[in-house]
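Subject: Handover of a structure

Dear colleague,

I am passing on the structure below, together with some notes on what turned up in it. Please read the notes with the coordinates open beside them.

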Amino acid sequence: MIVAIASQKGGVAKTTSTIALGGLLADEGSCLVIDFDPQKNLSTGLGVKIQKGQLTA
Ligand SMILES: Nc1ncnc2c1ncn2[C@@H]1O[C@H](COP(=O)(O)OP(=O)(O)O)[C@@H](O)[C@H]1O
Ligand SMILES: [Mg+2]
């Protein structure tokens, strides 16, 4: 199953929903979440530490 959560509008709970849905799916098996947002809130929200210069735009 592939799920995309997308909206041009900010602050509508895309990241929050992704973290919650990813957690639920991971409880049932395995789940890959992909963070395409340069703000990287999904990554930091999941506790991924990103060093300065590690990402390219
Ligand atoms: N169900 C909810 N109830 C209240 N606040 C929420 C809910 N879901 C998200 N938020 C808050 O709304 C804000 C924006 O959520 P976020 O997931 O970062 O939006 P987006 O990724 O679409 O920009 C955050 O401060 C988040 O804590
Ligand atoms: Mg977001």
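A polar side-chain atom of Thr16 lies 2.6 Å from an oxygen atom of ligand 1, a polar contact in the sense of a pair of N or O atoms within 3.5 Å, where within protein one atom must be able to donate a hydrogen and the other to accept it, and where residues adjacent in sequence count only if both atoms are side-chain atoms. Taken alone, ligand 1 exposes 560 Å², of which the protein buries 42%; accessible areas come from the Shrake-Rupley method with a 1.4 Å probe, and for residues only the protein chains shown count as cover.

Before going further, please note that this is a predicted model, in which local features need pLDDT of at least 70 and side-chain atom pairs count only at pLDDT 80 or more, while totals for chains, interfaces and linings use all residues. Residues are numbered from 1 along each chain as its sequence is written, chains are lettered from A and ligands numbered from 1 in the order in which they are written, and side-chain values use heavy atoms, with hydrogens and water left out.

To return to the ligand, the backbone also takes part: a polar backbone atom of Gly11 is 2.8 Å from an oxygen atom of ligand 1, and a backbone N or O atom of Val12 lies 3.1 Å from an oxygen atom of ligand 1. The residues around ligand 1 (those with a heavy atom within 4 Å of it) are Gly10, Gly11, Val12, Ala13, Lys14, Thr15 and Thr16. By class, this shell has 2 nonpolar, 4 polar and 1 charged residues, where Ala, Val, Leu, Ile, Met, Phe, Trp, Tyr, Cys and Pro count as nonpolar, Asp, Glu, Lys and Arg as charged, and the others, Gly among them, as polar.

As for the chain, it has 2 helices and 0 strands, both taken as DSSP runs numbered from the N terminus (helices H or I, at least four residues; strands E, at least two). The C-alpha trace spans about 35 × 25 × 15 Å along its principal axes. Of the 57 residues in the chain, 7% are buried, a term that means under 20% relative accessible area, with exposed being over 50% and partly exposed in between (1.4 Å probe, protein chains only). The chain exposes about 5000 Å², and carbon and sulfur atoms supply 56% of it.

Ala13, in the segment before helix 1, has a positive phi of about 80 degrees although it is not a glycine, and Ala13 is partly exposed, with a relative accessible area of 37%. Lys40, in the loop between helix 1 and helix 2, has a positive phi of about 50 degrees, again without being a glycine, and counts as partly exposed because its relative accessibility is 27%.

In helix 2 (residues 41-45) sits Ser43, which is buried at a relative accessible area of 14% and whose side chain makes a polar contact with the side chain of Asp35 (2.8 Å). Cys31 lies in the loop between helix 1 and helix 2, and its C-alpha atom is separated by 9.8 Å from that of Ile2, 29 residues apart along the chain.
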